[in-house]
Amino acid sequence: MNNNLYAAHPVTARLKKSLALAVLAGLLLTGCGGKQASVEPASAATSTATAGASVAVPGVVGLTLDKATDQLKGLGFKVEAKDIVDGKTIIVEKNWQVMTQDPASGATAAKGSTVHLGVKSLAKIAAEKAAAEKVAADKAAAEKAAAKAVADKAAAEKAAADKASADQAAAAKAAADQAARDAAAKAAQQAAQQAQQQAPAVTVPNVGGAIICSDGYVWPSTTRQGACSKHGGIAK
């Protein structure tokens, strides 16, 4: 009996050894699997957090599309640009200018999200600027012409008023001068008449039938018709 127990002992020892190795291997596998399971969720969470991080959207309105795109992509955004005027295809980004953006400047958006840009070609902007400048220049020219017309009209009205005033003054002066002449002539006539009336009568002897005028003038003819016409008539 003791011999049988002794003979079975090496087999039992080998089984126990195999079982121990199996358990150890299982523990090692379980430990690695558990560690891997605990690491993978952390890695996934980190990746998700990185992809969903919010960033302030910079203001790119006014920039050329190439510079705006570089700035936005540098912060982790995607960019979608569209011609808001003619709907043309955008080929050379530097030839376009950003007019609108969504999200707006200062808003926060997740990295990897898309920023939508409304753009206009620089050629279109230049044409619109030239047209606006022409309209402004035409308006300024029209206003200048209108101001000149008003000034010319005012000057013409002033010239007409000055001429009318000058003509009126000249007419008044002429009338005054004529009145002065008439008054002087009348005064001279009255003075002559008064002097004639006040002059003493001159008695001139009637010699040889001569005609004596009222003022004493001896008419140089014996014909009475028309005699003393300028000397107060024939003396009585």
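**Exercise 1. Find the bridge partner of Asp83 in β5, then place its strand in the sheet.**

Step 1. Start with the pair itself: Asp83 has Val119 of β5 as its bridge partner. Before going on, note that this is a predicted model, in which local features need pLDDT of at least 70 and side-chain atom pairs count only at pLDDT 80 or more, while totals for chains, interfaces and linings use all residues. Residues are numbered from 1 along each chain as its sequence is written, and side-chain values use heavy atoms, with hydrogens and water left out.

Step 2. Now look at the strands. Strands (E, at least two residues) and helices (H or I, at least four) are DSSP runs, numbered from the N terminus. Two strands count as paired if DSSP finds at least two bridges between them. Between β2 and β5 there are 6 bridges, and these strands run parallel.

Step 3. Turn to the other neighbour. β3 is joined to β5 (residues 114–121) by 6 bridges, this time antiparallel. Along this pairing, Trp96 stands opposite Ser121, and Asp102 stands opposite His116.

Step 4. The open sheet has 3 strands in the order β2-β5-β3, with mixed pairing. Its edge strands, each pairing on one side only, are β2 (78–83) and β3 (96–102). On average, neighbouring strands are turned by 35° against each other, direction ignored; axes here are lines fitted to C-alpha atoms, for helices over the stretch in contact, and angles run from 0 to 180 degrees between N-to-C directions.

**Exercise 2. Decide whether β5 is mostly covered or mostly open, and say which helix lies across it.**

Step 1. Count the buried residues: 6 of the 8 in β5 qualify, and the strand is mostly covered. Buried means under 20% relative accessible area, exposed over 50%, and partly exposed in between (1.4 Å probe, protein chains only).

Step 2. Look for the helix. α2 (residues 65–74) lies across β2, β3 and β5, and runs at about 170° to β5.

Step 3. Step along to the loop between β4 (108–110) and β5, where you will find Lys111. Lys111 is partly exposed, at 39% relative accessibility.

**Exercise 3. Locate the disulfide and describe its setting.**

Step 1. Search the whole structure: 1 disulfide turns up, defined as a pair of cysteine sulfur atoms within 2.5 Å. The pair is Cys213 and Cys228, with sulfur atoms 1.8 Å apart.

Step 2. Trace the chain between them. Cys213 is in the loop between β6 (211–212) and β7 (218–219), and Cys228 is in the segment after β7, 15 residues apart.

Step 3. Check handedness and cover. The angle about the S-S bond is -85°, a left-handed link. Cys213 is buried at 1% relative accessible area, and Cys228 is buried at 1% as well.

**Exercise 4. Summarise the chain and say where the pLDDT is below 50.**

Step 1. Count the elements: 3 helices and 7 strands, in the pattern α-β-α-β-β-β-β-α-β-β.

Step 2. Read the confidence. pLDDT is the predictor's confidence in each residue, from 0 to 100. The chain has a mean of 81, and 72% of its residues reach 70 or more.

Terms used
Contact means heavy atoms within 4.5 Å.
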